[in-house]
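Hi everyone, thanks for coming. Let me put the sequence and the model up on the screen, and then I'll walk you through them.

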Amino acid sequence: MKRPPPGEKPSIIDSRAVEPFYKNGYLVGSRDSTEVVYIDPGEEVESILELVSTRQRELVAILLTHAHMDHISGIARVREQHDAPIYLHPDDRHLYQSLPAQAQFFGFQYGPAPPVDRELSDHQVLELAGLEFKVHLTPGHSPGHVCFEVEQHIFCGDVVFQGSIGRTDLPGGSSEVLLSSIQERVLPLGDERLLYPGHGPQTTIGQERRTNPFLVGMA
């Protein structure tokens, strides 16, 4: 596989975030392919699908870092237009199937999410849209949370943010497990790696290791 020069993005990494959750949804693909992958479809779904259409891309997969409602609320609308398979780690299947209940708890209303098509597993490598997506199981924010490594880019969901980490007060969350995931599975990927979190701006592993109050002092 042709690798881009250091620091250069694959041909497409577009993101959108809208109210009420301001959750980042990502569109990812290779410079050498017309295919794209959608990571974590939420309320930004209409603007992402417009990009797929106007750029005449083929959506070939929906990858989920985890199954909290803000990361899956747009999946049904994606499947109305695209027959792309949905990938999720099985340890988050219960959360995924409880989307209506999750929404009700927070005062929203969503119908059931469409069935998951394919299960993710730790260390799995997916060849999609001209790129390799390496799967890293990183529980703590949710039981089946994963990160996707693509070249030097890490789509890290709600594991780590610029200056913070994911919440652990929801069902299935554990601060001890989350910190262990960060220390053992994320930081070893290298300080130069770019982090694309579920909320907030892009950052790097090195910046978070040096400045994030939850991570300072980690080996």
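A quick word on the ground rules. This is a predicted model, where local features need pLDDT of at least 70, side-chain atom pairs count only at pLDDT 80 or more, and totals for chains, interfaces and linings use all residues. Residues are numbered from 1 along each chain as its sequence is written, and side-chain values use heavy atoms, with hydrogens and water left out.

So, how many salt bridges does the structure hold? There are twelve, where a salt bridge is a side-chain nitrogen of Lys or Arg within 4 Å of a carboxyl oxygen of Asp or Glu.

Let's begin with R55 and D14, whose closest N and O atoms are 2.2 Å apart. This pair links distant parts of the chain, 41 residues apart: D14 sits in strand 1 (residues 12-16), and R55 in the loop between helix 1 (45-54) and strand 4 (58-63). Helices (H or I, at least four residues) and strands (E, at least two) are DSSP runs, numbered from the N terminus. Is D14 buried or exposed? D14 counts as buried at 17% relative accessibility, while R55, at 36%, counts as partly exposed. Here buried means under 20% relative accessible area, exposed means over 50%, and partly exposed is in between, with a 1.4 Å probe and protein chains only.

Next up, K23 forms a salt bridge with E44, with 3.1 Å between the closest N and O atoms. K23 is in the loop between strand 1 and strand 2 (25-29), and E44 is in the loop between strand 3 (35-39) and helix 1, so the bridge ties together parts 21 residues apart in sequence. K23 is buried, with a relative accessible area of 2%, and E44 is buried with a value of 2%.

Then we have D122 and R185, at 3.0 Å between the closest N and O atoms. Because D122 lies in the loop between strand 6 and strand 7 (125-128) and R185 in helix 6 (residues 175-186), this pair ties together parts 63 residues apart in sequence. D122 is partly exposed, at 26%.

There is also a network of salt bridges linking E43, E46 and R77.

Now for the patch. Which residues make the nonpolar surface patch of about 330 Å²? F105, F106 and F108 do. Accessible areas come from the Shrake-Rupley method with a 1.4 Å probe, and for residues only the protein chains shown count as cover. Patches are made of residues with over 30% relative accessible area and no salt bridge; like charges are joined within 9 Å, and nonpolar side chains (Val, Leu, Ile, Met, Phe, Trp, Tyr) within 5 Å. F106 is in the loop between helix 5 (99-105) and strand 6 (118-119), and F106 is partly exposed at 38%.
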